[in-house]
Amino acid sequence: MLIYYTTVRCYNNIMNENIVKLNYKDKEIYLVKTAHVSKNSVLDVDECVNEINPDAIAIELDAQRYDTLTNKDKWRDTDIVKIIKEKQVGYLLVNVILSSFQKRMAKSMDSTSGAEMMEGIKLSKERNLELVLADRPIKTTFKRIWSKLGTMEKSKLIVSIISSVFDDEEISEEELEKLKEADALEAALSEVGKEFPMVKHVLVDERDMYLAQKIKSAKGKKVVAIIGAAHANGIARHLEEDINTNELEVIEQKSTASKLVKWLIPLAIVGMLIYTVIANKDAGIEQIKSWVVWNGGMSLIAVLLCMGHPLSALAAFVTAPFTSLNPILSSGLFAGLVEAMLKKPKVSDFEDISTDTENIKGFLKNRVTRILLIVIITNLFSSIGTFVSGIGIFKTFLDIL
């Protein structure tokens, strides 16, 4: 099956390099390559739909992101305590940071983040066209990434994501348009792949396949698909393949061995401490103190760095030495819950998330994002404390043997 990949002449026969045509069987598929934050992308969508008059419009959104984009008051319904208890903090924090990054870029471009998707939604309603939500659920994407990363890679990724909050580098419209060029974009993704190859595979390559299958399954013989420019080449490559999207939604379950290791390490630490206390009481007590100070102290420092309430910091200090020995619980969980109770987010905090997350000061001022940071940073610092004190316990245990 041959797939024809051509640049489309749109809008009064003016060549538009951001729109490509793919012929698949008896279907014509027009990919509108967008930068998500460029106002020119909205014009591209308008021009293509008006010129092509499609039977369906596909957009690079899943149901949840569609709801977030179209329901501006969705933040008001967020139950922060429920999110902490269900361990969805990391997912929500990444969402907030990515959304903030796009909005900052859109603001510098005098545009609106997701405007091209909203334009596609509007046109589908005006013309009574089928609207295809073609992207894989974002939660599934994040869970697949997380399940494939090791502990060190997870920590590195978290630090990388959080540090992006400090990045206030601006990008010009001209530079943004250059990023739409396939070679430049693929080079950028290649750099990401070197640092986090699995992240790039799940975030881009797998979604290329998913998008290709959903787009070609749209009803009608003419389909306009509004997608990020990074996915255009991948969609073209996978279009004629018969892809099982269900397989791309499976979350890899941890093996029994890896689950056991999570419990064996804490048990080993407890065992070494007990042995040390029995063999040398003074040395054992010193190692227990070290365990409490490193775990509790690092967790306490983390909360204070995030401008948390003193009682939240105390909760982190008290719980960390115990939660570090329990893979199910975490000091960040308790610190976050205490912070949420003492400084319960207001409606204004949810409404101001988009503006407050433009810099680290706003991140810490906003009660919602501060709670999210407290949970994540506290857990990260507690892990550092566990590692340092664990090495000390192991060394003392070997000396006594």
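## Main nonpolar core

The largest nonpolar core has 30 residues, and Ile 80, Ile 84, Val 89 and Leu 372 touch the most other members. Such a core is a set of buried Ala, Val, Leu, Ile, Met, Phe, Trp, Tyr and Cys residues joined through side-chain atoms within 4.5 Å. Buried means under 20% relative accessible area, exposed over 50%, and partly exposed in between (1.4 Å probe, protein chains only). At least two core residues come from each of α3 (80-85), α4 (89-108), α13 (281-305), α14 (310-323), α15 (331-342), α18 (360-365) and α19 (367-400). α19 gives the most, nine residues. Helices are DSSP runs of H or I, at least four residues, numbered from the N terminus.

This is a predicted model: local features need pLDDT of at least 70, side-chain atom pairs count only at pLDDT 80 or more, and totals for chains, interfaces and linings use all residues. Residues are numbered from 1 along each chain as its sequence is written, and side-chain values use heavy atoms, without hydrogens or water.

Beyond residues up to four places away in sequence, Ile 84 touches Val 89, Leu 333, Gly 336, Leu 337, Ala 340, Ile 371 and Val 375. Contact means heavy atoms within 4.5 Å.

Another core lies apart, with 20 residues. Among them are Tyr 24, Leu 31, Ala 58 and Ala 134.

## Cysteines

The structure holds zero disulfides (cysteine sulfur pairs within 2.5 Å). Cys 48 is buried, at 0% relative accessibility. Cys 306 is also buried, at 5%.

## Lys 254

Lys 254 sits in the loop between α11 (232-238) and α12 (256-279). Lys 254 is partly exposed, at 41% relative accessibility. Leaving aside neighbours within four places in sequence, Lys 254 contacts Lys 154, Lys 259 and Lys 262.
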